[in-house]
Structure formats: structure tokens, C-alpha cells
Amino acid sequence: MFRITHMRPALFLITVLLTLGVAASASAATWPAGTHRVSLAVDRVEGADRYATAVAVAETGWPGWAGIDRVIIASGEPRSYADPLAAGSLCWAYDAPLMLVESDRVPSAVKSALAAIHSANGGVDVTIVGGPGAVSGAVVSELRSLITSGTVEQPWTVGDRYTTAARVAARSAQVASETSRTVPARAFIANGTDRFGFVDALALSAVSARTGVPVLLVQPGEVPLSTASALRSLPIGDVIVAGGTTAVSNTVYSRVGATSRWGGSDRYATSVAIARGARAKGWLTGEMVGVAAAIPDALTGSTYA
């Protein structure tokens, strides 16, 4: 199965052409030596905007909204992308879908989805990733008015993106311990600065949502105190760095106690390296490939893929 989550169709066609070598005419396609052409069934999961696409992705993963007792909520606005990026392990811990909101309102598609989830399951809990600068008090109040049987929590209201990722990692580890589930590595490490666009962390998020391994963020040449503290408190295991040395320097690699680096010459090659690394460890299968070109679509699509 080959699924595409999208908001802008033309961009997704470009992504497929660039990363998979699919030409408009199959007969004209030139494939790299030593590779194989495969036939893939293609489905598109889409909505009118990033918020509706997130809802469509969630409903694809939970048909009829059955079996949901918690929903993870984060901001879908560009200035807050680091928050939903860190949410993958939390989605794994709670077996929960990820939905996006605007900073000052709950989009209509999300309202309808939450009402349907609430009705289908007799109630639902909501965990918000991000502080009031990302998800305002007005949104929290609106969510609470929608969720009449269940709780709405915003547990991480202070600190920066590095702190939020560290606290999400701690919560995920706590839930895993309470449910006697094993996380196969200590952490994934990715660049968390705006300059690099979070693309390496995005490629990791599908693996995080599948395995529970948290994504922690660093700067190219520095390990934030919150990240270092999280690493010390998490269970023993491998620490895997995503991206090349420009994104995460060798100095940082050493300081976080990394055991391997999954990187490539650019963001596309790094995403392939991450997929290969996860498959080699048996963490992902080849049954589904997800393709996205816009960050918010990749954020929510990864939790399903």
C-alpha cells in the first residue's frame, strides 16, 4: 500500500517524481542501476486544509473512530511545528491519533471529529502538546466545552521546544513502563532549529510513532540542558542521530552518546536512510510507504504510516 497525504497536489506529484523516480510516462522512466521497479496501489488521504487532512488521516487509522480513548492535540501553525514533531512517541504510548488546531481556535473539521470520537467511545481524553503560546487558553476552553465526558490537559505550559520534547519523552516512557511495553532504543536525536525546517525530525516521526522511541531536539553544535537531562533519565539503549554533520555536528553526536547516524546528502536521502535503518532493525515493514511534501501533512501522516 502506498499512501499520500497532501494539501497541495502539485507539490506531491513533484515529491513522487524526485524521490521515487516515477516519470509521467512509465515507459520513459529511468531507474537507478541495481534497483527494481515495483507496482504500487496508490491511495490519497486528503482534506480541504492541513486541519481537515489531519482528521482524514486519523479516521483512516481508526475507522469509525472506534477504540479511541485519547486524542493528542498540537498547533498546526508554522511557528509551533516542533510541538507536533515531538508527539509521535506520545501517540504510540496512548495509541492515539494526532490532530492539529490553530493557536486561537479549533477548526470545524476537528470539532466535528472530536464530537464523533466522543460519541463513538462514550467520552475521550485530550492531551495538548505545547504551551499557551502555541495553543491558547481560548482553545483549551473550547476543547473542554466539546469534551463533556473526559479530561482536557495542557501539561507542558512553560519552556522552549527542547523542553517540551524532553517532557513528552518522559511522559511516553512513564506510560510505557505502566503498560509493561518495551521501547527499543533510548532516543532519536534531530536538529530542532528553524533553519533546517525540522525535516530530519519529520522523517523520524513515523518510526517514533511506531516504536515509542522519543524524538529529542538539539542545535547543530549544542545540546540543550533539557535534552541532556532527558537522555540521562531515559532507559538505557541506542541513541540514533538523524541527518548529516551540518545538522548535527560530530561534537553533539559525541555529547549525546550516539551509537549511530542515519543521514544522507540532503533531506530526501536522509529520509531514505531513516527508512532503511528502521527496516534493518525490524521496526518498520515495507508494507506501506508514505509520501508528503508539506510539513503539517507529514506531521499527522507519519503517525498513521
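**Overall picture**

Modeller: Of the 305 residues in the protein, 50% are buried, where buried means under 20% relative accessible area, exposed over 50% and partly exposed in between (1.4 Å probe, protein chains only). Keep in mind that this is a predicted model, with local features needing pLDDT of at least 70, side-chain atom pairs counting only at pLDDT 80 or more, and totals for chains, interfaces and linings using all residues. Residues are numbered from 1 along each chain as its sequence is written, and side-chain values use heavy atoms, with hydrogens and water left out.

Colleague: Fine. How many helices and strands are there in the protein?

Modeller: The protein has 12 helices and 11 strands. They're DSSP runs numbered from the N terminus: helices are H or I with at least four residues, strands are E with at least two.

Colleague: And what radius of gyration does the protein have?

Modeller: It has 19 Å, which agrees with the value near 19 Å that a compact globule of 305 residues would have. That's taken over C-alpha atoms, and the globule rule is 2.2 Å times the number of residues to the power 0.38. The C-alpha trace spans about 60 × 45 × 35 Å along its principal axes.

Colleague: What about contacts between residues at least 6 apart in sequence: what percentage join residues at least 24 apart?

Modeller: 75% of them do, with a contact meaning heavy atoms within 4.5 Å.

Colleague: Switching to aromatics. How many aromatic pairs does a search of the whole structure find?

Modeller: It finds 3. Rings of Phe, Tyr and Trp (its six-membered ring) pair if their centres lie within 6.5 Å; planes under 30 degrees apart count as stacked, over 60 as edge-to-face and the rest as tilted. One of the pairs is Phe188 with Trp283: the centres are 6.1 Å apart and the planes at 70 degrees, so that's edge-to-face.

Colleague: Where do Phe188 and Trp283 sit in the chain?

Modeller: Phe188 is in strand β7 (residues 187-191) and Trp283 is in the loop between α11 (267-280) and β11 (289-291), so to speak distant parts of the chain, 95 residues apart. Phe188 and Trp283 are both buried. Trp283 also forms a tilted pair with Trp262, at 6.2 Å centre to centre and 55 degrees between the planes. Trp262 belongs to strand β10 (residues 260-262), 21 residues from Trp283.

Colleague: Why do Trp262 and Trp283 count as buried?

Modeller: Because Trp262 has 9% relative accessibility, and because Trp283 has 10%. Ring pairs link Phe188, Trp262 and Trp283 into a cluster.

Colleague: Which rings have a charged end of Arg70 or Arg181 over them?

Modeller: The charged end of Arg70 sits over the ring of Tyr94, 4.0 Å from its centre. For Arg181 the ring is that of Trp92, at 4.1 Å. The test is NZ of Lys or CZ of Arg within 6 Å of the ring centre and within 35 degrees of the ring normal.

Colleague: Now the open sheet of 4 strands. What's the order?

Modeller: β4-β3-β5-β6, with parallel pairing. The edge strands are β4 and β6 (152-153), each pairing on one side only. Strands β3 (residues 70-75) and β4 share 4 bridges, while 5 bridges join β3 to β5 (residues 125-129); two strands pair if DSSP finds at least two bridges between them.

Colleague: Which residues cover the two faces of β4?

Modeller: Let me put it by side: Leu98 and Leu100 are on one side of β4 (residues 98-101), Met99 and Val101 on the other, and all are buried, with both faces covered. In general, side chains in a regular strand alternate between the two faces of the sheet.

Colleague: Last one: what's the phi of Trp65 and of Ser180?

Modeller: Trp65 has a positive phi of about 65 degrees although it isn't a glycine, and Ser180 is near 55 degrees, also positive. Trp65 is buried at 6% relative accessibility, whereas Ser180 is exposed with 68% relative accessible area.
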